[in-house]
Amino acid sequence: MTKSYSKEDTRRIAAILAEAAQAEVMPRFRRLSADAVHTKSSPRDLVTDADEAAERFIAARLAKLHPSAIMVGEEASTRNPALLNTLVDADLAFLIDPIDGTRNFVAGLPLFGMMVAVCHRGDVLAGVIYDPVAHDWAMAVRGEGAWSEAGDGTQTPLKVAQPAPPQDMDGLIATGFLPEPQRSLVNGNLAALASTASLRCAAHEYRLAASGHCHVMLYNKLDPWDHAAGWLLHREAGGFSAHFDASPYKPTHRSGGLLYAPDVGSWHAARRALMGDDIPPA
(Lines give C-alpha, C1' and ligand atoms only; values in the text may rest on other atoms or scores of the structure.)
Protein backbone atom coordinates (compact mmCIF):
# COMPACT_ATOMS: atom_id res chain seq x y z
CA MET A 1 0.00 0.00 0.00
CA THR A 2 1.20 3.54 -0.72
CA LYS A 3 1.45 6.07 2.07
CA SER A 4 -1.56 8.02 0.88
CA TYR A 5 -5.33 7.94 1.01
CA SER A 6 -7.44 9.80 -1.51
CA LYS A 7 -10.10 12.42 -0.90
CA GLU A 8 -12.65 10.23 -2.62
CA ASP A 9 -11.79 7.31 -0.35
CA THR A 10 -12.16 9.66 2.61
CA ARG A 11 -15.57 10.79 1.43
CA ARG A 12 -16.61 7.12 1.25
CA ILE A 13 -15.81 6.86 4.96
CA ALA A 14 -17.89 9.99 5.52
CA ALA A 15 -20.85 8.30 3.81
CA ILE A 16 -20.46 5.20 6.00
CA LEU A 17 -20.59 7.33 9.16
CA ALA A 18 -23.79 8.98 7.95
CA GLU A 19 -25.33 5.57 7.22
CA ALA A 20 -24.33 4.27 10.65
CA ALA A 21 -25.84 7.34 12.29
CA GLN A 22 -29.12 6.90 10.46
CA ALA A 23 -29.31 3.18 11.16
CA GLU A 24 -27.96 2.86 14.69
CA VAL A 25 -27.34 6.18 16.45
CA MET A 26 -30.09 8.70 15.84
CA PRO A 27 -32.98 6.23 16.30
CA ARG A 28 -31.65 5.69 19.86
CA PHE A 29 -30.95 9.36 20.66
CA ARG A 30 -33.16 10.48 23.58
CA ARG A 31 -34.75 7.02 23.51
CA LEU A 32 -32.23 5.00 25.53
CA SER A 33 -33.63 2.69 28.17
CA ALA A 34 -31.77 2.28 31.45
CA ASP A 35 -30.46 -1.15 30.47
CA ALA A 36 -29.00 0.27 27.22
CA VAL A 37 -26.37 2.29 29.15
CA HIS A 38 -23.38 0.66 30.84
CA THR A 39 -20.22 1.78 32.61
CA LYS A 40 -16.70 0.77 31.64
CA SER A 41 -13.71 1.96 33.69
CA SER A 42 -15.70 4.38 35.89
CA PRO A 43 -19.18 5.86 36.34
CA ARG A 44 -18.10 8.68 34.01
CA ASP A 45 -16.92 6.26 31.30
CA LEU A 46 -20.11 5.16 29.54
CA VAL A 47 -21.01 2.91 26.64
CA THR A 48 -24.45 2.43 25.14
CA ASP A 49 -26.11 -0.02 22.80
CA ALA A 50 -25.81 2.71 20.17
CA ASP A 51 -21.99 2.83 20.53
CA GLU A 52 -21.74 -0.94 20.16
CA ALA A 53 -24.14 -1.20 17.21
CA ALA A 54 -22.60 1.75 15.35
CA GLU A 55 -19.08 0.40 15.75
CA ARG A 56 -20.13 -2.98 14.35
CA PHE A 57 -21.86 -1.25 11.43
CA ILE A 58 -18.88 1.00 10.61
CA ALA A 59 -16.31 -1.79 10.94
CA ALA A 60 -18.31 -4.11 8.68
CA ARG A 61 -18.72 -1.46 5.97
CA LEU A 62 -15.04 -0.49 6.09
CA ALA A 63 -14.03 -4.14 5.90
CA LYS A 64 -15.99 -4.46 2.65
CA LEU A 65 -14.03 -1.56 1.18
CA HIS A 66 -10.67 -2.75 2.56
CA PRO A 67 -10.81 -6.48 3.34
CA SER A 68 -7.20 -6.69 4.56
CA ALA A 69 -7.40 -3.66 6.87
CA ILE A 70 -7.33 -3.84 10.66
CA MET A 71 -10.27 -2.37 12.57
CA VAL A 72 -9.41 -0.76 15.91
CA GLY A 73 -12.67 0.35 17.46
CA GLU A 74 -13.03 1.95 20.89
CA GLU A 75 -15.43 -0.70 22.16
CA ALA A 76 -13.57 -3.64 20.59
CA SER A 77 -10.33 -2.33 22.15
CA THR A 78 -11.99 -2.14 25.55
CA ARG A 79 -12.66 -5.87 25.26
CA ASN A 80 -9.27 -6.64 23.68
CA PRO A 81 -6.60 -4.01 24.51
CA ALA A 82 -4.05 -5.89 22.39
CA LEU A 83 -5.74 -4.43 19.30
CA LEU A 84 -3.93 -1.17 19.97
CA ASN A 85 -0.58 -2.87 19.42
CA THR A 86 -1.50 -3.57 15.80
CA LEU A 87 -1.29 0.13 14.88
CA VAL A 88 2.51 0.13 14.80
CA ASP A 89 2.92 -2.34 11.91
CA ALA A 90 -0.45 -2.34 10.12
CA ASP A 91 -0.29 -1.31 6.47
CA LEU A 92 -3.85 -0.07 6.80
CA ALA A 93 -5.79 0.40 10.02
CA PHE A 94 -8.98 2.24 10.86
CA LEU A 95 -9.45 3.87 14.25
CA ILE A 96 -13.18 4.01 15.00
CA ASP A 97 -14.92 6.12 17.63
CA PRO A 98 -18.59 5.27 17.05
CA ILE A 99 -19.92 7.96 19.40
CA ASP A 100 -17.55 10.53 20.83
CA GLY A 101 -19.23 12.40 23.66
CA THR A 102 -21.23 9.42 24.91
CA ARG A 103 -22.04 11.21 28.19
CA ASN A 104 -23.66 14.01 26.20
CA PHE A 105 -25.50 11.44 24.07
CA VAL A 106 -26.85 9.72 27.19
CA ALA A 107 -27.89 13.08 28.63
CA GLY A 108 -29.87 13.90 25.48
CA LEU A 109 -27.49 16.76 24.64
CA PRO A 110 -27.03 17.10 20.85
CA LEU A 111 -23.27 17.52 21.16
CA PHE A 112 -21.62 14.29 20.07
CA GLY A 113 -19.81 13.07 16.99
CA MET A 114 -18.52 10.04 15.11
CA MET A 115 -14.87 9.72 14.10
CA VAL A 116 -12.67 7.54 11.92
CA ALA A 117 -8.94 7.91 11.31
CA VAL A 118 -7.01 6.06 8.61
CA CYS A 119 -3.52 4.93 9.64
CA HIS A 120 -0.49 3.40 7.91
CA ARG A 121 2.20 1.99 10.21
CA GLY A 122 1.28 4.44 12.95
CA ASP A 123 0.96 7.51 10.71
CA VAL A 124 -2.41 9.21 10.19
CA LEU A 125 -3.34 9.45 6.51
CA ALA A 126 -6.91 10.75 6.73
CA GLY A 127 -9.57 11.64 9.25
CA VAL A 128 -13.33 12.19 9.30
CA ILE A 129 -15.46 13.75 12.05
CA TYR A 130 -19.21 13.56 11.52
CA ASP A 131 -21.94 15.50 13.32
CA PRO A 132 -25.03 13.27 13.04
CA VAL A 133 -27.31 16.00 14.40
CA ALA A 134 -26.34 18.69 11.88
CA HIS A 135 -25.53 16.07 9.20
CA ASP A 136 -22.19 17.52 8.19
CA TRP A 137 -18.55 16.46 8.24
CA ALA A 138 -15.06 17.77 8.84
CA MET A 139 -12.41 15.91 6.86
CA ALA A 140 -8.68 15.96 6.32
CA VAL A 141 -6.26 14.15 4.03
CA ARG A 142 -2.57 14.23 4.83
CA GLY A 143 -0.86 16.83 2.66
CA GLU A 144 -4.12 17.88 0.96
CA GLY A 145 -5.77 20.11 3.55
CA ALA A 146 -8.86 20.05 5.73
CA TRP A 147 -12.39 21.03 4.88
CA SER A 148 -15.97 20.90 6.13
CA GLU A 149 -18.68 19.40 3.96
CA ALA A 150 -22.42 19.95 4.23
CA GLY A 151 -25.08 17.39 3.40
CA ASP A 152 -25.59 18.97 -0.02
CA GLY A 153 -21.90 18.51 -0.87
CA THR A 154 -20.84 22.13 -0.31
CA GLN A 155 -17.20 22.21 0.84
CA THR A 156 -15.48 24.93 2.88
CA PRO A 157 -11.72 24.94 3.60
CA LEU A 158 -10.81 24.85 7.29
CA LYS A 159 -8.24 27.18 8.82
CA VAL A 160 -7.18 27.59 12.44
CA ALA A 161 -7.42 30.93 14.26
CA GLN A 162 -4.84 33.66 13.88
CA PRO A 163 -2.12 33.62 16.56
CA ALA A 164 -2.94 35.69 19.64
CA PRO A 165 -1.35 36.44 23.02
CA PRO A 166 -2.58 34.23 25.88
CA GLN A 167 -4.89 36.92 27.27
CA ASP A 168 -6.78 36.86 23.96
CA MET A 169 -6.85 33.08 23.53
CA ASP A 170 -9.99 30.98 23.88
CA GLY A 171 -9.19 27.50 25.17
CA LEU A 172 -10.83 24.08 25.31
CA ILE A 173 -9.07 22.55 28.26
CA ALA A 174 -9.51 19.06 29.74
CA THR A 175 -7.63 18.72 33.03
CA GLY A 176 -9.49 15.77 34.57
CA PHE A 177 -6.81 13.23 33.65
CA LEU A 178 -3.76 15.34 34.49
CA PRO A 179 -1.75 13.98 37.42
CA GLU A 180 -1.17 16.09 40.48
CA PRO A 181 0.40 18.56 41.02
CA GLN A 182 0.14 19.36 37.29
CA ARG A 183 -3.66 19.36 37.37
CA SER A 184 -3.82 21.96 40.14
CA LEU A 185 -1.13 24.02 38.41
CA VAL A 186 -3.01 24.17 35.10
CA ASN A 187 -6.37 24.76 36.77
CA GLY A 188 -4.84 27.62 38.73
CA ASN A 189 -3.55 29.22 35.52
CA LEU A 190 -6.72 29.02 33.41
CA ALA A 191 -7.45 32.70 34.06
CA ALA A 192 -4.36 33.53 31.97
CA LEU A 193 -6.49 32.81 28.89
CA ALA A 194 -9.44 34.90 27.73
CA SER A 195 -11.87 31.99 28.23
CA THR A 196 -11.80 28.25 28.85
CA ALA A 197 -14.38 25.51 28.49
CA SER A 198 -14.82 21.77 27.96
CA LEU A 199 -17.51 20.34 25.68
CA ARG A 200 -17.02 16.74 26.91
CA CYS A 201 -16.69 15.88 23.22
CA ALA A 202 -13.33 15.91 21.43
CA ALA A 203 -15.07 15.60 18.06
CA HIS A 204 -16.69 19.02 18.36
CA GLU A 205 -13.68 20.55 20.10
CA TYR A 206 -11.43 19.58 17.20
CA ARG A 207 -13.94 20.96 14.73
CA LEU A 208 -14.06 24.27 16.60
CA ALA A 209 -10.28 24.60 16.68
CA ALA A 210 -9.78 23.58 13.05
CA SER A 211 -12.36 26.14 11.91
CA GLY A 212 -10.71 28.98 13.85
CA HIS A 213 -13.21 29.33 16.70
CA CYS A 214 -10.76 28.63 19.51
CA HIS A 215 -7.00 28.91 19.89
CA VAL A 216 -5.82 26.35 22.42
CA MET A 217 -6.72 22.77 23.30
CA LEU A 218 -5.19 20.65 26.04
CA TYR A 219 -5.64 16.90 26.65
CA ASN A 220 -3.88 14.29 28.74
CA LYS A 221 -5.90 11.11 28.13
CA LEU A 222 -4.72 10.03 24.67
CA ASP A 223 -6.88 7.15 23.50
CA PRO A 224 -6.10 7.16 19.76
CA TRP A 225 -9.72 7.01 18.56
CA ASP A 226 -10.33 10.28 20.43
CA HIS A 227 -7.48 12.20 18.84
CA ALA A 228 -6.03 10.78 15.61
CA ALA A 229 -8.67 12.18 13.23
CA GLY A 230 -8.83 15.54 15.02
CA TRP A 231 -5.04 15.86 15.23
CA LEU A 232 -4.78 15.57 11.44
CA LEU A 233 -7.73 17.93 10.95
CA HIS A 234 -6.02 20.59 13.08
CA ARG A 235 -2.65 20.09 11.39
CA GLU A 236 -4.05 20.24 7.87
CA ALA A 237 -5.97 23.39 8.87
CA GLY A 238 -2.60 25.02 9.58
CA GLY A 239 -2.27 24.45 13.32
CA PHE A 240 0.59 23.22 15.48
CA SER A 241 0.45 20.58 18.20
CA ALA A 242 2.86 18.57 20.30
CA HIS A 243 3.17 16.63 23.51
CA PHE A 244 3.86 18.71 26.61
CA ASP A 245 7.60 18.13 26.09
CA ALA A 246 7.29 19.48 22.49
CA SER A 247 7.76 16.06 20.87
CA PRO A 248 5.48 15.19 17.91
CA TYR A 249 2.30 13.17 18.33
CA LYS A 250 1.47 9.79 16.79
CA PRO A 251 -1.62 7.68 17.47
CA THR A 252 0.63 4.99 18.95
CA HIS A 253 1.47 7.42 21.81
CA ARG A 254 -0.85 7.13 24.80
CA SER A 255 0.92 9.43 27.26
CA GLY A 256 2.70 12.77 27.32
CA GLY A 257 -0.34 15.02 26.95
CA LEU A 258 -1.25 17.10 23.91
CA LEU A 259 -1.32 20.85 23.50
CA TYR A 260 -2.67 22.61 20.40
CA ALA A 261 -2.28 26.19 19.17
CA PRO A 262 -2.39 28.10 15.87
CA ASP A 263 1.40 28.08 15.43
CA VAL A 264 4.66 27.21 17.18
CA GLY A 265 5.04 30.62 18.82
CA SER A 266 1.58 30.64 20.33
CA TRP A 267 2.04 27.00 21.41
CA HIS A 268 5.01 28.07 23.54
CA ALA A 269 3.12 31.11 24.83
CA ALA A 270 0.16 28.92 25.82
CA ARG A 271 2.43 26.39 27.49
CA ARG A 272 4.09 29.12 29.56
CA ALA A 273 0.73 30.56 30.53
CA LEU A 274 -0.80 27.23 31.57
CA MET A 275 2.19 25.34 32.95
CA GLY A 276 4.35 28.14 34.26
CA ASP A 277 7.50 27.15 32.38
CA ASP A 278 8.68 26.75 28.81
CA ILE A 279 10.65 24.50 26.49
CA PRO A 280 13.15 26.20 24.17
CA PRO A 281 11.85 26.22 20.57
CA ALA A 282 13.49 23.55 18.40
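Analyst: Leu95, Tyr206, Met217 and Leu233 touch the most other members of the largest nonpolar core, which has 39 residues. This is a predicted model, where local features need pLDDT of at least 70, side-chain atom pairs count only at pLDDT 80 or more, and totals for chains, interfaces and linings use all residues. Residues are numbered from 1 along each chain as its sequence is written, and side-chain values use heavy atoms, with hydrogens and water left out.

User: What makes a set of residues a nonpolar core?

Analyst: The members are buried Ala, Val, Leu, Ile, Met, Phe, Trp, Tyr and Cys residues, joined through side-chain atoms within 4.5 Å.

User: Why is His215 called buried?

Analyst: Buried means under 20% relative accessible area, exposed over 50% and partly exposed in between, with a 1.4 Å probe and protein chains only. His215 has 13% relative accessibility, so it counts as buried. His215 is in the loop between α6 (202–210) and β12 (216–219); helices (H or I, at least four residues) and strands (E, at least two) are DSSP runs, numbered from the N terminus.

User: Why is α5 called roughly perpendicular to α8?

Analyst: The axes of α5 (residues 182–189) and α8 (residues 264–275) cross at roughly 105 degrees and come within 7 Å. Axes are lines fitted to C-alpha atoms, for helices over the stretch in contact, with angles from 0 to 180 degrees between N-to-C directions. Under 35 degrees counts as roughly parallel, over 145 as roughly antiparallel, 65 to 115 as roughly perpendicular and the rest as oblique. Therefore α5 is roughly perpendicular to α8.
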